[in-house]
Amino acid sequence: MQRNSSAASSGSSHPKRAEKPANKGAAVAAKGTHGASGTHSNQVEASKVGLQAPSSILNEGLGVSGEHIAEYIYAVEFGWGKDWDGHDKGVDGKWLEGVPRASKLGKLSAGGGPKTRHTQMNNITPFLLATMLLAGSTCSNAGSLPYDAWRLGFSASDYMEVWIETADVVDMKGQVYRRAMSGVSAIQTPENNKGNPKGWPKKSGWGKGKYVTNADLPKKIYVRWQSLVEPQTYQVGIDIAESTREIMCTSEKTYCAATGKWTTGYRKAIAIGLAPGGIVKVWVLGPCLTPLEVMRVKAEVDPRGPYEGKSGGQYDALSEISRMHVKKFGVPYGSW
């Protein structure tokens, strides 16, 4: 749906493949100070991993990063568990050429439930594991990016329309990019109330947005928007954590179902979900890579109202289909 905007929705076009940057040095890997810890409950805190015996590491310790970075890289690069049919199937996967043994390396994750121990990785040293999880990261501080530009996109739940007055970016070099994004977000408004606005999608999309060209990675993103179903005006300053930038700088090898090939890419996009009540959720994602949730914050009400108080309190128009849905079902506060 487009409203008061001639801009076309930006799809998830796949950018060109970037070169894999050099690995971190041994000193950095040993300290574990550049890990993406603290961004999500499933991510690895490298300092803790480096102190554990490899045989005692659980699925919840490796989490998303262990599955998609460690396991895939070691399967492709070194042949660990290469004949395991189902890196994304958990207990439904199977070995195609016999189970791991002394002469055959198993995969890093044993698969299955979160309490399954990784018994196939006894011969990995803690130092090697820390190095592996931190490999490929080079640009989290101000400096050159391993890709041409990063992307900023916005989305809203079904019928919960928003109008983005401005999204301003401050990058790591202190440069300010005014109105890096504005207007409508990505949204669906199915007829006959077939949509479901409750909660966030299981897998975040890229959202409607733009590439922020000639910019370094973001340090802060300021967003002011109108929640049209309430209506209310919100504003928030989103501080992008060092760990989030670290994720955006880390190359990852993954299997791309769309092309049927293995590829190496980056999570070079930030997707921001806007919901009534001023709820904001942030993900980082990339082509063929699993979106990672990195933040949830609550915005404050802008007492000036819409358009910084310059519209006499007049909000942008809510579409008729969304208005009728809200009239019948209300706004599902608390679901985001």
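## Terms and model

Two strands pair if DSSP finds at least two bridges between them. Strands (E, at least two residues) and helices (H or I, at least four) are DSSP runs, numbered from the N terminus.

This is a predicted model, in which local features need pLDDT of at least 70, side-chain atom pairs count only at pLDDT 80 or more, and totals for chains, interfaces and linings use all residues. Residues are numbered from 1 along each chain as its sequence is written, and side-chain values use heavy atoms, with hydrogens and water left out.

## The protein overall

The protein has six helices and 14 strands. Of its 336 residues, 52% are buried. Buried means under 20% relative accessible area, exposed means over 50%, and partly exposed lies in between (1.4 Å probe, protein chains only).

The protein exposes about 15,800 Å². Carbon and sulfur atoms supply 50% of that area. Accessible areas come from the Shrake-Rupley method with a 1.4 Å probe; for residues, only the protein chains shown count as cover.

Contact means heavy atoms within 4.5 Å. Among contacts between residues at least 6 apart in sequence, 67% join residues at least 24 apart.

## Strand S12

Strand S12 covers residues 279-286. Eight of its eight residues are buried, so S12 is largely enclosed by the rest of the structure. Both faces are covered. One side carries Ile279, Lys281, Trp283 and Leu285. The other carries Val280, Val282, Val284 and Gly286.

## Neighbours of S12

Strand S11 (residues 269-275) runs antiparallel to S12, and seven bridges join the two. Ala275 has Ile279 of S12 as its bridge partner. The hairpin of S11 and S12 has three residues between the strands. There, Gly277 takes a positive phi near 85°.

Strand S13 (residues 289-298) also pairs with S12 in the antiparallel sense, over seven bridges. Here the bridge partner of Val280 is Val297 in S13. Two residues lie between the strands in the hairpin of S12 and S13. In this hairpin, Cys288 takes a positive phi near 70°.

## The disulfide

A disulfide is counted when two cysteine sulfur atoms lie within 2.5 Å. By this rule there is one disulfide. It joins Cys256 to Cys288, with an S to S distance of 1.9 Å. The pair links distant parts of the chain, 32 residues apart. Cys256 is in strand S9 (residues 252-256), and Cys288 is in the loop between S12 and S13.

Cys256 is buried, at 3% relative accessible area. Cys288 counts as partly exposed, at 27% relative accessibility.
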